Amino acid sequence: MPSPPGASSGAHNRRRATDDRGSRWASPPQDLVGLLASRVLAAGDLLDYVRFRAVCTSWRSGAASPRGRGVADPRFHPRRWMMLPEGHCLYPGHPDLRGHARFLNLDTGALVRARIPLLGDHCAIDSVDGLLLLLRDPDQEGALRLLHPFTGDVAELPPLGTLLPQLGLRLHSIPAPYRIRSLAKVVCASVSFNNAGAMTVMLALDEVSRVAFATSMDRQWTLSSWPCPMRYPPLSFQGKLYMVDTASTSCGENNVHQVLQIDPPVQDQDGEGAGRALQPPKLIATVPEHKLVYVYGLVECGSEILVLGHNDWFGSQILVCKLSDLVLQRFIPLKSIGGSILFIDERSISVSSKVLPTVKGDSVVYIHSGHPYLAQYHLGSGSLSTAIDNCSLYGRMPGPSSLVHHVFSCCIRNQWCVGVFTLFSFCTVSL
């Protein structure tokens with residue numbers, strides 16, 4: 001049947017219009033590409049940005065490559081990615097992994113396997129904004145590096161051994177070959193940048209109850225002259241350190257929990273700040289002990305810092321409050337945290353309920369005292385139940401193992417450092 005007059009020309013025009021629109025999207029103005037790329041990076045994840053650059057050559061050339069800028073540019077930090085211990089005795093850096101490590105996105109549940117050759121002779125002692133703080137030669141100088149696990153970019157930091165002369169007799173009882181190991185065993189790091197891009201790293205050192213700092217221009221660490229409270233695990237948030245301390249009131253009757261903030265030293269525009277001392281911690285909020293009997297610690301959830309604790313010594317109820325409310329002297333326990341799940345131990349992390357569908361949203365996962373087991377406490381209902389099935393209650397035994405258990409292992413420091421600080425076996429998690 002012959003086509004009606006003008007049909008072929010109409011189809012040709014539609015194809016031409018479609019081709020024109022496609023060519024315009026394939027080669028938009030470079031400033032528009034840069035604007036779109038910045039929006040993707042701000043609203044999404046580093047992986048979304050990488051996919052954006054992979055669309056076509058024009059988009060790739062108009063969006064800055066993360067490689068070479070992974071550490072120096074905070075926009076490219078993989079903030080919501082956490083290195084995930086493999087289990088089955090395969091710790092990060094195990095020879096059978098052949099230099100690879102697996103990372104979990106705490107918002108989406110995406111898994112990425114990255115090649116990290118440095119894990120062959122380094123161990124990860126902390127993770128800050130998704131960057132790995134790596135230690136090498138703990139028996140010698142204790143070289144430190146910040147590594148971007150996806151781009152391979154590395155920032156060299158002063159050796160941890162430069163702190164030993166400043167510590168006096170604090171580690172005198174520890175044999176000399178093990179002092180750096182002891183110093184690095186429990187570390188909480190923060191990273192900040194000034195307007196010129198110069199980097200400052202702070203380390204909260206549990207072993208000596210001090211904070212050390214160094215800039216990107218320094219050759220040694222500078223130790224704080226004042227002690228810092230390390231009774232509860234500190235938190236790194238937006239380049240600052242936050243800690244909780246418990247102090248007696250002036251009348252000596254009731255204790256008060258204090259939330260303290262440690263700011264990085266102010267740098268010059270050229271990044272020089274070695275001669276500057278850290279300012280003592282600032283008191284930003286208090287919680288009377290009769291409202292929060294026992295404090296678990298602090299955790300970052302979204303753009304907020306949450307304070308967690310029990311309202312009695314039996315641990316029958318967990319309370320979660322926003323630090324921003326406590327700063328305003330408002331004690332408002334939360335019944336919902338946006339569907340997130342909080343994991344509490346040596347580290348504290350928040351995970352989207354989309355990652356772990358077997359755990360209810362708005363819950364806290366922790367090791368229950370008494371007869372120990374991994375429990376989940378639901379903030380809305382106040383109910384307490386097991387977070388994992390009976391097959392994986394006692395660690396990674398041969399057989400089924402829950403993803404909940406693997407995520408919880410991210411909160412345990414020696415899961416990353418076997419063979420360096422301890423002979424702890426990855427086959428089981430002692431509860």
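How many bridges join β10 to strand β11 (residues 222-223)? There are 2 bridges, and the two strands run antiparallel. This is a predicted model, in which local features need pLDDT of at least 70, side-chain atom pairs count only at pLDDT 80 or more, and totals for chains, interfaces and linings use all residues. Residues are numbered from 1 along each chain as its sequence is written, and side-chain values use heavy atoms, with hydrogens and water left out.

**View 1. Strand β10 and its partners, β9 and β11**. Helices (H or I, at least four residues) and strands (E, at least two) are DSSP runs, numbered from the N terminus. Two strands pair if DSSP finds at least two bridges between them. Strand β9 (residues 199-205) is joined to β10 by 6 bridges, and the two run antiparallel. Met 202 has Phe 213 in β10 as its bridge partner. Phe 213 also stands opposite Thr 222 in β11. β9 and β10 form a hairpin with 4 residues between them. In that turn, Ser 209 has a positive phi of about 55°. Another hairpin joins β10 to β11 through 6 residues.

**View 2. The two faces of β10**. Is strand β10 (residues 210-215) mostly covered or mostly open? It is mostly covered: 6 of its 6 residues are buried. Buried means under 20% relative accessible area, exposed means over 50%, and partly exposed lies in between (1.4 Å probe, protein chains only). Arg 210, Ala 212 and Ala 214 point one way from β10. Val 211, Phe 213 and Thr 215 point the other way.

**View 3. The sheet β1-β2-β3**. Here 3 strands form an open sheet with antiparallel pairing. β1 (81-84) and β3 (111-115) stand at the edges. Each has a single partner strand, so one side of each is left without a neighbour in the sheet. The twist averages 35° from one strand to the next. Axes are lines fitted to C-alpha atoms, for helices over the stretch in contact, and angles run from 0 to 180 degrees between N-to-C directions. β2 and β3 are joined by 5 bridges. Ala 101 stands opposite Ala 114 in β3.

**View 4. Asn 105 in strand β2**. Strand β2 covers residues 100-105. Asn 105 is buried, with a relative accessible area of 3%. Its side chain reaches the backbone nitrogen of Asp 107 at 2.8 Å. Contact means heavy atoms within 4.5 Å. Leaving aside neighbours within four places in sequence, Asn 105 is in contact with Asp 45, Arg 80, Trp 81, Ala 110 and Val 355.

**View 5. Thr 151 in a loop**. This loop runs between β6 (143-147) and β7 (154-157). Thr 151 counts as buried, at 10% relative accessibility. A polar contact of 2.8 Å links its side chain to the side chain of Asp 153. Such a contact is a pair of N or O atoms within 3.5 Å; within protein, one must be able to donate a hydrogen and the other to accept it, and residues adjacent in sequence count only if both atoms are side-chain atoms. Not counting residues up to four places away in sequence, Thr 151 touches Pro 66, Arg 67 and Gly 70.

**View 6. The buried face of helix α3**. In α3 (residues 46-53), Leu 46, Tyr 49, Phe 52 and Arg 53 are buried. Seen down the helix axis, the buried residues fall within an arc of 110°, so they line one face. The arc is that of the directions from the helix axis to the C-beta atoms. These buried residues pack against α2 (30-43) and α4 (57-62).

**View 7. Salt bridges**. Side chains of opposite charge can pair when their charged atoms come close. A salt bridge is a side-chain nitrogen of Lys or Arg within 4 Å of a carboxyl oxygen of Asp or Glu. The structure holds 9 salt bridges. One of them joins Asp 121 and Arg 136 (3.2 Å, N to O). Asp 121 lies in the loop between β3 and β4 (123-128) and Arg 136 in strand β5 (residues 131-136), so the pair ties together parts that are 15 residues apart in sequence. Asp 263 and Lys 282 also meet in a salt bridge (3.0 Å, N to O). Lys 240, Asp 263 and Lys 282 are linked in a network of salt bridges.
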